[in-house]
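Subject: Structure for your review

Dear colleague,

Please find below the sequence and structure that I am handing over to you. The findings follow directly after it.

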Amino acid sequence: MEFLLIIVVALLAIIAVVVIFNFLGNRKARQAEADALRNRTYRPGDPFSSADDDSVYGDPRELKPGDLVELRGETYAVRGTVRLTQDGYTWTENFLDTGLGAKAWISVEDDPDLEVVLWHELSGVVAEPGPDTVEVEGRRYHSEEAGSARFTSAGTTGVATSGRMAYHDYQAGDDRLSFEDYGSGWECARGELLTRADYRIFPSNPSDQNI
């Protein structure tokens, strides 16, 4: 009888030790979690950042010759890129070609929100930049911005590798009209603002996207 009593007491002691150990362990874990929450560094972020969109659709700011752009179901290759700089502000214009006759340009600006515009060159335009309003193909556009910028180009662009250009931009709602002169006279193009769902970028060297 005394032997059984000793066994019961020993078992109760072991159970008590296990319970206390588990309690202390859980308490320590809860304390560590609370400390981690108190010490967590707050990193403010822009709630309207396009970072998530960039991971899905590609970052148009990084476009370069050799990349592919899927634009509303049609695939274009980037044949050349022009990088322009004015008073510390930089934007790009990228020459796209399907290889089957369809050509276009995509301009990319980030001031402060990302703006991607699809451009098609217009031929036979009589109007010239300068007035507050111009009418092209039956639509009236209002002057938005004019100036000049330095540029460098890579790939096939139809302009010099570097130099200075002049521009005059007009706008009518979401439609754009641009006059540019790279040294051989004014050329005109009509632009259309693109949404993230309109295009997807496939970089020729994905590792470059992280540089």
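In which loop is the place of Arg72? Arg72 sits in the loop between strand 1 (68-71) and strand 2 (74-86), where strands (E, at least two residues) are DSSP runs numbered from the N terminus. This is a predicted model, in which local features need pLDDT of at least 70 and side-chain atom pairs count only at pLDDT 80 or more, while totals for chains, interfaces and linings use all residues. Residues are numbered from 1 along each chain as its sequence is written, and side-chain values use heavy atoms, with hydrogens and water left out.

Backbone and hairpins

Arg72 is not a glycine, yet its phi is positive, at about 55°. With a relative accessible area of 46%, Arg72 counts as partly exposed; buried means under 20%, exposed over 50% and partly exposed in between (1.4 Å probe, protein chains only). Glu137, likewise a residue other than glycine, has a positive phi near 55°. Glu137 belongs to the loop between strand 6 (133-136) and strand 7, and at 60% relative accessibility it counts as exposed.

Two further positive phi values occur in hairpins. In the hairpin of strand 2 and strand 3, with two residues between the strands, Asp87 has a positive phi near 55°. In the hairpin of strand 3 and strand 4, with five residues between the strands, the positive phi belongs to Gly99 and is near 85°.

Strand 2 and strand 3 are antiparallel and share nine bridges; two strands pair if DSSP finds at least two bridges between them. Thr85 stands opposite Thr90 in strand 3. Strand 3 is mostly covered, since seven of its nine residues are buried.

Pockets

What volume lies in the largest pocket? The space is about 420 Å³. A pocket is found on a 1 Å grid over the protein atoms alone, with a 1.4 Å probe, as an open set of points with protein on both sides within 12 Å along at least five of seven lines; lining residues have an atom within 4 Å of a point. Grid points are joined across faces, edges and corners, and the volume is the space filled by probe spheres set on the points.

The largest pocket is lined by 21 residues, and those closest to its centre are Glu109, Glu115, Glu145, Asp169 and Arg176. At least two lining residues come from each of strand 3 (89-97), strand 4 (103-110), strand 5 (114-122), strand 7 (139-155), strand 8 (162-172) and strand 9 (175-181). Strand 8 gives the largest share, five residues. By class, this lining has seven nonpolar, four polar and ten charged residues. Here Ala, Val, Leu, Ile, Met, Phe, Trp, Tyr, Cys and Pro count as nonpolar, Asp, Glu, Lys and Arg as charged, and the others, Gly among them, as polar.

The second largest pocket holds about 350 Å³. Of its 19 lining residues, Trp105, Glu121, Glu180, Tyr182 and Glu187 lie nearest the centre. Strand 4, strand 5, strand 9 and strand 10 (186-193) each contribute at least two residues to this lining, which divides into eight nonpolar, six polar and five charged residues.

Aromatic pairs and nonpolar core

There are five aromatic pairs in the structure. Rings of Phe, Tyr and Trp (its six-membered ring) pair if their centres lie within 6.5 Å; planes under 30 degrees apart count as stacked, over 60 as edge-to-face and the rest as tilted. Tyr89 and Trp91 are stacked, at 5.5 Å centre to centre and 25° between the planes. Tyr170 and Phe179 are edge-to-face, at 5.9 Å centre to centre and 80° between the planes. Tyr170 and Phe179 are both buried. Ring pairs also link Tyr89, Trp91 and Tyr167 into a cluster.

The largest nonpolar core has 14 residues, among which Val69, Ile106, Leu194 and Tyr199 touch the most other members. Such a core is a set of buried Ala, Val, Leu, Ile, Met, Phe, Trp, Tyr and Cys residues joined through side-chain atoms within 4.5 Å. Strand 1, strand 2, strand 4, strand 5 and strand 11 (199-202) each supply at least two residues of this core, and strand 4 gives the largest share, three residues.

Yours sincerely

Definitions and conventions. Helix = DSSP H or I, 4+ residues; strand = E, 2+ residues; numbered from the N terminus.
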